Amino acid sequence: MSSKSGQPTIFLSYAHGDHAQAQRLAQALERAGFTVWWDALIEGGSRFAKSIDEALEAADAVLVLWSKRSVESDWVRDEAAQGRDRHRLVPLSLDGSLPPLGFRQYQTIDISGWRGRRDGPLLEAVQRAIATAVGRKAGPRPPATAPVTRRRALALGGGAAAALAGGGALIAWEATLFTPGAKARSIAVLPFKNLSGDAGQVYLSDGLTDEVRSALSRNAGLMVLASTSSNAASGLASDAKSIARKLDVGYLLEGSVQRSGDIVRVAASLTNGRTGFSEWSQQVERRLDNLFALENEIARTVSNALTVKMATDNPAPGGTRNATAYEAYLRGKSLYNLAKDEATDRQAKANYEIAISADPNFALAHAALSRSLSSIAAAYAQASELKGIYAQAIDEAQRATAIAPTLAEGHLALGYALFSGRLDPKGARPSYDKAYQYGRGNADIVLLCAAYMARTRRFQEARDAIDWALALDPLNPRTHRAAGTIAFASHRYADAITQGQRALDLNSKISNANASVGDSLMELGKLAEARAAYLKEPSAMFRLRGLAALEHRAGNQPAAERALSQLMSEVGDAAMYQQAEVMAQWGRADEAIAKLQHAREIGDSGLSLIATDPLLDPISKDERFVRLVKDLGFG
């Protein structure tokens, strides 16, 4: 079966951890005119065998991406075996890995050096291999000026229906770009305007914007720009085409919200970023208790307008039809997103508790309360309060996942509480993996999963995940800061500096970005530049820790002692882990390990860095340190 362009139809088989590379290859092949089938949602044991079998049988060629991960995957081996048995197998190697026994009689193309170029020799070699596998000559690449068509979801028959009912789908795309220069399948949801005449109702318009964006991000066929990057365009006095070009997206979704009592009027409009013209608009009135369903309705309608079917028609998981619960949840979310101070965080927590009291089965509220509790524990709680608060956070997250098993926010909250609160990296892994599986369209979820992957030494997966988060949220300084942290943990100091500087370009006051830059500069031996970076750091915890380590390296021990003394007096036990970093840098292994042990006793979340922190390298070979790392579950 060939695509409309006359090119073969491809089934792409890969391991879950290689998603980012698979996506780049799929997009490059789509742009070359191929139709590519790949499972953007269904993973591992949750795949639906009948759907997979039907897609494999219908495909002209089976591209298998071998890697260290996929050679261990039973699913990839099975899919490769079907391609081999049909004599339609095209094996590629993502990282130089050899295929497993039974598949080495086929010549494997090593694409580990491919960086995404559509006109490079490696991609041409792949296209020739596909042509050989299907028994035809490789056709020329379509000209750059060829007209583009929107993609459509291809029906897979009864097996696909079963997959859709389960919340996943195997989707085949036609090659497309919405807008020249824009990312494929991309849309930005701009902040909905508050037309209620009451500034106090902004939480409602902002909340509706976030939830519509979240519903759209469940569609694996769309690339939905995250809130920080989308909101960056809200203050631009520009036309739609200029905004789309600045955000590098194909479409814009705009809207307004007007409330009168319990009735909410919502208007939404979808604009083509290339033409600047509206392609769809709608205005509806709903009762407040029906807004959650409306968000999913808008997402489904927008997807249909773009001819990208939602992966499922099931409602978004974890919602409520209780007006009191929903309003309290939105108020809490608005306060939590401020990330202002302890008072607003505790007000957010109180609103989430009101939401749960009104509807005990409101899974999103349970997940939000869990994250709120973890944030309060990490930022404001006394050492004696930590275990109790994290225990409550774990309970709330478990309640969320019990009510809504596919709710990414619930799994993320549980993983975060287990990892940061109980320092249980192994116990947290299933939750983080499920959060990544169900929430891959949400940049905030992907970012936190990437950080977890890095801290548990899954560096390649972490880099793939943070690259995806950056694609979804390129204007978010937190995402660039996280990318810098991941680069630092894997000793890629130049990359860490670049990402830290990008975070500071976007927000010069963001905490722990200057210090992160300083850490990398110090590791590169650029002490004067590192000192300048540390002195710009607004957070006393990270500024003083950095200066204490740096001045020791510079041979200025009195200045180092002053910085450490100030760290201990100003921040106290909350900086126990940072004190351990200083002692390690000073070569005082006994004191460093004693402080790490104390940090463990008080539940210092800084210990989540222990296995990947270059600042602890001087004591990393000490038997006591190795034992502590293993005891914490990082070994």
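**Helix packing and salt bridges**

Modeller: The crossing of H16 and H17 is left-handed. Keep in mind that this is a predicted model.

Biologist: Why are H16 and H17 called roughly antiparallel?

Modeller: Their axes make an angle of about 160°. Angles over 145 degrees count as roughly antiparallel. H16 and H17 are therefore roughly antiparallel to each other. The axes lie 8 Å apart. H16 covers residues 443-455, and H17 covers residues 459-472.

Biologist: Which residues make the contact?

Modeller: H16 supplies Ala443, Val446, Leu447, Ala450, Met453 and Ala454. From H17 come Phe459, Glu461, Ala462, Ala465, Ile466, Trp468, Ala469 and Leu472.

Biologist: Now the charged pairs. How many salt bridges does the structure hold?

Modeller: It holds 22 salt bridges.

Biologist: What makes Arg213 and Asp210 a salt bridge?

Modeller: The N to O distance between their side chains is 3.0 Å. The cut-off is 4 Å, so a pair within it qualifies. Arg213 and Asp210 sit three residues apart in helix H6, residues 202-217. That spacing is why about one helical turn separates them.

Biologist: Are Arg213 and Asp210 buried or exposed?

Modeller: Both Arg213 and Asp210 are buried. That label needs a relative accessible area under 20%.

Biologist: What does the salt bridge of Glu211 and Lys333 look like?

Modeller: Their side chains meet at 2.5 Å, N to O. Glu211 lies in helix H6 and Lys333 in helix H10, residues 323-338, so the pair ties together parts 122 residues apart in sequence. Glu211 is buried, and Lys333 is buried too.

Biologist: Asp495 also forms a salt bridge with Arg492. What is the distance between their closest N and O atoms?

Modeller: For Asp495 and Arg492 that distance is 2.9 Å.

Biologist: Why is Asp495 called partly exposed?

Modeller: Its relative accessible area is 36%. Buried means under 20% and exposed means over 50%, so a value in between is partly exposed. Asp495 is therefore partly exposed. Arg492, at 28%, is partly exposed by that reasoning as well.

Biologist: Which residues do salt bridges that share partners join into one network?

Modeller: Asp18, Arg69, Arg429, Asp433, Arg458 and Glu461. Glu461 is also one of the H17 residues in the contact with H16.

Notes:
Residues numbered from 1 in each chain as written. Predicted model: local features only at pLDDT ≥ 70, side-chain atom pairs only at ≥ 80, totals over all residues. Heavy atoms only, no water. Axes fitted to C-alpha atoms, helices over the stretch in contact; angles between N-to-C directions. Helix = DSSP H or I, 4+ residues; strand = E, 2+ residues; numbered from the N terminus. Parallel < 35°, antiparallel > 145°, perpendicular 65-115°, else oblique. Left-handed = near helix turned anticlockwise from the far one by under 90°. Contact = heavy atoms within 4.5 Å. Buried < 20%, exposed > 50% of the residue type's maximum accessible area, 1.4 Å probe, protein only.
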